Amino acid sequence: MKVIDRTESEKLFADLNKPSLVARTVVTPAWAVGTPGEFNWQHIIAKTADEAERIFRAEWCDFECEEDTPCGECQGCTLEVVPERKPMWDGLPNPTSGDWLRAGCGTYCSRCSYETFPEECGHAVGNEAVCEECMTLADWDIVDPERAAEIRADT
Ligand SMILES: [Zn+2]
Ligand SMILES: [Zn+2]
């Protein structure tokens, strides 16, 4: 093998063109998969929407299915399922209740376990999802300091 001498500038150029570590770390996309209006949504990591849907159905399938190959006949395989891309979950091994709310999904209140939705006064407080009734002054300090100040002024 012949070794070619390169000038300093050529070496620098070659270094600049090396893919960076960040660019080489491929994060598999995160999805929320479930039935609109139902509380069966799951966080699934998959390369494509089709793959996300297949994984979801394989988990719900009533029959002993081959891995990722649902039977196609049971309720789990035939119910309406929508894979929604959730870029904000990419790289998260397990999105918290707070992450679900932040991604625009309904989830269970971390304190009273009631269903709570971002559009119905559910609040993401750190890792928690907190419904309107469970919100404390300390929570308002985090999510809405102005509201916290109003509550303080009222009491
Ligand atoms: Zn099935
Ligand atoms: Zn609650």
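## An exposed serine

Ser113 counts as exposed, because it has 10 C-beta neighbours inside 10 Å. The cut-offs are these: a residue is buried if 20 or more other C-beta atoms lie within 10 Å of its own, exposed if 12 or fewer, and partly exposed in between, with C-beta atoms placed from the backbone. Ser113 is found in the loop between β4 (107–108) and β5. Its phi is near 70°, a positive value in a residue other than glycine. Most residues other than glycine have a negative phi.

This is a predicted model: local features need pLDDT of at least 70, side-chain atom pairs count only at pLDDT 80 or more, and totals for chains, interfaces and linings use all residues. Residues are numbered from 1 along each chain as its sequence is written, while chains are lettered from A and ligands numbered from 1 in the order in which they are written.

Helices (H or I, at least four residues) and strands (E, at least two) are DSSP runs, numbered from the N terminus. Three strands form an open sheet here, in the order β2-β1-β3, with antiparallel pairing. β2 and β3 are the edge strands, and each pairs on one side only. Neighbouring strands are turned by 35° against each other on average, direction ignored. Helix α3 (residues 49–60) packs on this sheet and touches β1, β2 and β3. The direction of α3 makes about 50° with that of β1. For such angles, axes are lines fitted to C-alpha atoms, for helices over the stretch in contact, and angles run from 0 to 180 degrees between N-to-C directions.

Two strands pair if DSSP finds at least two bridges between them. Four bridges join β1 to β2 (residues 42–45). Across them, Val33 has Gln42 as its partner, and Ala30 has Ile45. β1 also pairs with β3 (residues 82–85) over four bridges, again in the antiparallel sense. There, Gly34 stands opposite Val82.

## Strand β1, covered on both faces

How many residues of β1 (residues 30–34) are buried? Five of its five are. In a regular strand the side chains alternate between the two faces of the sheet. In β1, one side holds Ala30, Ala32 and Gly34. The other holds Trp31 and Val33. Both faces are covered.

## Two cysteines

Cys77 sits in helix α4 (residues 75–78). Cys77 is partly exposed, because 18 other C-beta atoms lie within 10 Å. Two residues are in contact if their C-beta atoms, placed from the backbone, lie within 7 Å. Leaving aside neighbours within four places in sequence, Cys77 is in contact with Arg57, Cys61, Pro70, Cys71 and Gly72. Cys77 and Phe63 are 14 residues apart in sequence, and their C-alpha atoms are 9.9 Å apart.

Cys121 lies in the loop between β5 (115–116) and β6 (123–125). Why does Cys121 count as exposed? Because it has 12 C-beta neighbours inside 10 Å. Phi of Cys121 is near 65°, a positive value in a residue other than glycine. Beyond its neighbours within four places in sequence, Cys121 is in contact with Cys131 and Glu132. Cys121 and Glu133 are twelve residues apart in sequence and 9.1 Å apart in space, C-alpha to C-alpha.
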